[in-house]
Amino acid sequence: MKKKIAFFLTVYILLILLTGCMSLFPQEDEMLSIPVPTFVQVEYRTIKPQRGDIIKRVNVLGTVVADYHESIDMKFNVDGYINEIFVENEQYVEEGEIIATLKEPDNKEKIEQEYTESLNSYLNIQENYSQNRATEYDLRKAEIAYEHAKEKYDELLYYLESLQLKALKSGYIVSLKEMQESDPIGKTLTVCAIAEKIDKMVQATTTTDNVSKLPTGTEVTLVIKDTEYKGYVSNSSGNTLRFKLFEDMTFMQNGDIIEVYLVLETAYDVLMVPSTVITFTEDNKGDIRVLSDGAPVTYSITFGLRSDTHVEIFPDQGITEDTLIITGVR
């Protein structure tokens, strides 16, 4: 009995397994519903190289400076307090013209009064002494008082004669000290200088490599208050450049900040591409992807002049005006 039961169980299991295996193979109608893989061709966005001019330039900020030729310093002969300033920086003055004045001393009237009183007393004592109405001691005492008062009075006269600072020669006022009324000024301090000639320029610093590409005489553009002026390199050394305008520069003030456009290198009528389509691998080498027979191909190229936006492509590297440069996928 047990053997019959085991036999029927074995047959039942085999039937179940056989039925499951048959379901693994799809029927004909089931095969019609299975999706068939498709291949879609990629559409690339491309551009072509163009011929044009590449200009490599850099902008720097410079400061207006000046060289003063044959200048002399102007100082008061005495210490005092400013009364009035009559000139401005870069103003032209004639020899002898008043530049500034000092205030009179507060004790002027007191010194004058003491001098007058001591002089009169001394003269009176002299007269009395000659008539034996005063002693030699009285005479000597009056003389000493007079000498002390006269010394102060002479100093006052010298001071009053020195209140005006006059131009020692004709020329331009430069380096004028910023002063206001009642400001103290010492006789060792320079009020200003007078120069026979003012030589203005714009001075800037940049890399030594940039400086080496800008010899003396190179034309530049200077932007002053949103207006462009043509100028040139007047001095080029180390990492310092100096520029001058082709026109008069007297309207520029010392310390003004000026923007200068410097053209470092140029390449005219060359094959060029936007720098964004190149993967740079070295300073003058990079990879560029082109479309060849519908498929992308990478070229390793050597390029020439590079600006902020474009790169010069040297000839005979497989890149022509008809080459399709891949810029993306549609």
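How far apart should the ends of helix H3 be at 1.5 Å a residue, and how far apart are its end C-alpha atoms? In the predicted model, helix H3 covers residues 108-130, and its 23 residues should span 33 Å.

One set of residues in H3 is buried, namely Lys-108, Ile-111, Tyr-115, Ser-118, Tyr-122 and Ile-125. An α-helix has 3.6 residues a turn, so residues three or four places apart point the same way. The partner of the buried residues of H3 is helix H4, residues 136-161, against which they pack. Beyond H3 the chain continues to Asn-132, a residue with a positive phi, near 60°.

The arrangement of two packed helices is described by the angle between their axes and the distance between the axes. For H3 and H4, the axes come within 8 Å and cross at roughly 150°. Angles over 145 degrees count as roughly antiparallel, and H3 and H4 are therefore roughly antiparallel to each other. The crossing that H3 makes with H4 is left-handed.

Strands S7, S6, S4 and S9 form an open sheet of four strands, in the order S7-S6-S4-S9, with antiparallel pairing. Its edges are strand S7 (164-166) and strand S9 (184-185), each of which pairs on one side only. Strand S6, residues 98-102, runs antiparallel to S7 and is joined to it by three bridges. In this pair of strands, Ile-98 lies opposite Lys-166 of S7. Strand S4, residues 80-85, is likewise antiparallel to S6, and three bridges join S4 to S6. Here Ile-85 stands opposite Ala-100 in S6. Four of the five residues of S6 are buried, so this strand is largely enclosed by the rest of the structure.

Another open sheet of four strands has the order S3-S10-S8-S5, and its pairing is also antiparallel. Strand S3 (72-74) and strand S5 (92-93) are the edge strands, each pairing on one side only. Within the sheet, strand S8 (residues 171-174) and strand S10 (residues 192-195) run antiparallel and are joined by three bridges. Val-174 is placed opposite Ala-193 of S10.

Individual positions in other strands were also examined. Ile-54 belongs to strand S2, residues 50-69. Buried means under 20% relative accessible area, and Ile-54, with a relative accessible area of 1%, is therefore buried. When residues up to four places away in sequence are not counted, Ile-54 touches Glu-265, Thr-266, Ala-267, Val-270, Met-272, Leu-305, Ser-307, His-310, Val-311 and Glu-312. Ile-54 and Asp-269 are 215 residues apart along the chain, while their C-alpha atoms are separated by 8.2 Å. Asp-269 itself is located in strand S15, residues 257-274. Phi of Asp-269 is positive, near 55°, in a residue other than glycine.

Gly-286 is part of strand S17, which comprises residues 285-292. Gly-286 is buried, its relative accessible area being 2%. With neighbours within four places in sequence left aside, the contacts of Gly-286 are with Ile-278, Thr-279, Phe-280, Thr-281, Tyr-299, Ser-300, Ile-301 and Phe-303. The C-alpha atoms of Gly-286 and Thr-302 are 6.6 Å apart in space, for a separation of 16 residues in sequence.

Lys-225 lies in the loop between strand S12 (219-224) and strand S13 (227-237). Although not a glycine, Lys-225 has a positive phi of about 55°. Residues over 50% relative accessible area count as exposed, and Lys-225, at 78%, is therefore exposed.

Technical notes: Residues numbered from 1 in each chain as written. Predicted model: local features only at pLDDT ≥ 70, side-chain atom pairs only at ≥ 80, totals over all residues. Heavy atoms only, no water. Helix = DSSP H or I, 4+ residues; strand = E, 2+ residues; numbered from the N terminus. Expected span 1.5 Å × (residues − 1). Buried < 20%, exposed > 50% of the residue type's maximum accessible area, 1.4 Å probe, protein only. Contact = heavy atoms within 4.5 Å. Pairing = 2+ DSSP bridges. Axes fitted to C-alpha atoms, helices over the stretch in contact; angles between N-to-C directions. Parallel < 35°, antiparallel > 145°, perpendicular 65-115°, else oblique. Left-handed = near helix turned anticlockwise from the far one by under 90°.
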